[in-house]
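Hi,

Here is the structure I promised to pass on.

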Amino acid sequence: MNTGLALLEIHGLTPALVALDRLEKAARVRLVQMELNDFYGVFLKIAGDSASLRAAVEQARSTIEQMQGKITPTIMDSPADGARKAIHSQLEPSPLFEAP
């Protein structure tokens, strides 16, 4: 199976967490990384096959729209090896996501 990636920029932590919950229930995908950023707020990297990614992104889009939020999704069906190295960057510690 060729693993693709969906990159989702979501405005707000709450909409991002709700969308993540629903997209994981809607399709066979897995969370690769979740980052806080300066543009939209939360950046999700999701892995899966092409059909699963499309189903997951549609579920996320629907969820975010119901919450009157903003989402910018991008699906990469078959990222190049060089792109994968940048996408799978080293995790940066965040006190928001780490329990003491």
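**What I found**

Strand E1 is mostly covered, with 6 of its 8 residues buried (buried means under 20% relative accessible area, exposed over 50%, partly exposed in between, with a 1.4 Å probe and protein chains only). Before going further, please keep in mind that this is a predicted model, in which local features need pLDDT of at least 70, side-chain atom pairs count only at pLDDT 80 or more, and totals for chains, interfaces and linings use all residues. Residues are numbered from 1 along each chain as its sequence is written, and side-chain values use heavy atoms, with hydrogens and water left out.

First, the sheet. It is open and antiparallel, built from 4 strands in the order E2-E3-E1-E4. Helices (H or I, at least four residues) and strands (E, at least two) are DSSP runs numbered from the N terminus, and two strands pair if DSSP finds at least two bridges between them. The edges are E2 (29-36) and E4 (71-76), each pairing on one side only. On average, neighbouring strands are turned by 15 degrees against each other, direction ignored; axes here are lines fitted to C-alpha atoms, for helices over the stretch in contact, and angles run from 0 to 180 degrees between N-to-C directions.

E1 (residues 4-11) is joined to E4 by 6 bridges and to E3 by 8 bridges, antiparallel in the latter case too. Leu5 shows both pairings: it stands opposite Met76 in E4 and opposite Ala47 in E3. Further along, Leu8 has Pro73 of E4 as its bridge partner.

Now the helices. Helix H2 (residues 50-66) lies across E1, E2, E3 and E4, and runs at about 180 degrees to E4. Helix H1 has 14 residues and reaches 20 Å from its first C-alpha to its last, close to the 20 Å expected at 1.5 Å a residue (the expected span is 1.5 Å times one less than the number of residues).

Which residues of H1 are buried? They are Pro15, Ala16, Ala19, Leu20 and Leu23. Seen down the axis of H1, these buried residues fall within an arc of 135 degrees, so they line one face of the helix; the arc is that of the directions from the helix axis to the C-beta atoms. Their cover includes E1, E2, E3 and H2, where contact means heavy atoms within 4.5 Å. The face turned away from the buried side of H1 carries the exposed residues Thr14 and Lys25.

Best wishes
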